[in-house]
Amino acid sequence: MKVLHTADWHIGKKLHGYDLLSDQAYILDQILKIAKTEAVDAIMIAGDLYDRSVPSEDSVRLLNQTIAKWNLTEGFPLLVISGNHDSATRLATGAPWFNQTNFYLRTRLEDAFVPIELEDTQFFLLPYFEPVDARIYFEDPDLRTIQAAMPKVIKKIQENFAPNKNHILISHFFVAGSSKTESETKIEVGGLDGINGDLLTDFDYVALGHLHGKDALKLANARYSGSPLKYSLSEKNQAKGVWIVDTETQDFSFFELTPLHELTELQASFSELLDPDFYEIINRKDYLSILLDDRAIIPNLMNQLRQVYPRIIQVERTNGFETTVVTRLQDENIKEKSPIALTEDFFTAVSQSNLTMQQKNWIETGLHEILQKGGVR
């Protein structure tokens, strides 16, 4: 059979304040198209469906619509686990009757030991769990870390192997030897980080979630799918996509995804950035990290740039500021200025933009409270 492997959707995540729900809906539709084009027999989702344990209503709506379309409308069996970003209890709402439509959602450690059999394959769904869950299940007070618990977990899973079947593990953990990016929440228990990859050798394939790069781990039989979108600048050069596993040939292939808005880094001078000959040949609606060549102060820099580039996530100077910025502040007679005026001068010099009325009100309110408490003399 052919199975699609995806993970780390992080529905509801924001990128430097920008809402990504439309980007996520777009990329999930692409994954569905791949599943249909490749005629896969099932879809595996290896955790972190949501970005927060208490997701927004819009996030819940998008996930519900996606699951309903994939499972009920298109008829794909779904094999899904919770990740460290998900609330296992909230995510599992309705799980007892989901099985009736071949939507297999597992959120508890004990769920991992009962395989789901589809055609020639047994699927073992091992969600993210805490050491206390293993201590309680195995009644072993010495299981204080994931590293201590995992050998027992894997051994118990293997006891349920059917000899005439393929065996696929779906899990959400950091495997030792993997590489991370900035957007992943660190999973560390008891000062140890990462489970031993040697524990996974008896599985025909291990579909992993948690790390956001597909190349984070390259065991012979295990892969991270990576996140379907770039969620930090450290991922800007990563190819995003899904794996498709063929249990008959034991091959797995990566299918790349194309985002609605790319995350890119752009280096240029201010004059170039505002030149139509420059910005009309690039996709200026991408999420942009801009490296600015200018050193001089540019008033209202961000406001001017955002008129052309609506999704700027940050602007950094490649060569720093002119030294006159600092000396100008030092040379001014600061003793004659009010705290509010000094704050405004500093903000303008550093951010290259003027304070808004709301920001001025915040500063005035804050300084007033400090003066009332005798904090400024």
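This is a predicted model: local features need pLDDT of at least 70, side-chain atom pairs count only at pLDDT 80 or more; totals for chains, interfaces and linings use all residues.
**Close-up 1. The stacked pair of phenylalanine 98 and phenylalanine 103.** A pair of aromatic rings is described by the distance of the centres and the angle of the planes. The count of aromatic pairs in the model comes to 15, and among them is the pair of phenylalanine 98 and phenylalanine 103, which is stacked, with 4.8 Å from centre to centre and 20° between the planes. Both phenylalanine 98 and phenylalanine 103 are buried.

Close-up 2. One aromatic cluster is formed by Tyr205, Trp243, Phe252 and Phe254. Lysine 214 lies over the face of phenylalanine 254, at 4.9 Å from the ring centre.

Close-up 3. Strand β15 (residues 287–292) is largely enclosed by the rest of the structure, because six of its six residues are buried. In a regular strand the side chains alternate between the two faces of the sheet. Here Tyr287, Ser289 and Leu291 point one way from β15, whereas Leu288, Ile290 and Leu292 point the other way. Strand β14 (residues 263–268) runs parallel to β15 and is joined to it by six bridges, with glutamate 265 standing opposite serine 289 in β15. Strand β16 (residues 312–317) also runs parallel to β15, through five bridges, and leucine 288 stands opposite isoleucine 312 in β16. From β15 the chain crosses through helix α9 (residues 301–306) to β16, in a β-α-β crossover that is right-handed. The ring of tyrosine 287 has the charged end of arginine 311 over it, 5.9 Å from the ring centre.

**Close-up 4. Valine 60 in helix α2.** Valine 60 lies in helix α2 (residues 57–73) and counts as partly exposed, because its relative accessibility is 28%. Leaving aside residues up to four places away in sequence, valine 60 touches Tyr50 and Pro55. The C-alpha atoms of valine 60 and glycine 12 are separated by 8.6 Å, although these residues are 48 residues apart along the chain.

Notes. Residues are numbered from 1 along each chain as its sequence is written. Side-chain values use heavy atoms; hydrogens and water are left out. Helices (H or I, at least four residues) and strands (E, at least two) are DSSP runs, numbered from the N terminus. Buried means under 20% relative accessible area, exposed over 50%, partly exposed in between (1.4 Å probe, protein chains only). Contact means heavy atoms within 4.5 Å. Rings of Phe, Tyr and Trp (its six-membered ring) pair if their centres lie within 6.5 Å; planes under 30 degrees apart count as stacked, over 60 as edge-to-face and the rest as tilted. A charge sits over a ring if NZ of Lys or CZ of Arg is within 6 Å of the ring centre and within 35 degrees of the ring normal. Two strands pair if DSSP finds at least two bridges between them. A crossover is right-handed if, with the strands pointing away from the viewer, the path from the first strand over the helix to the second runs clockwise.
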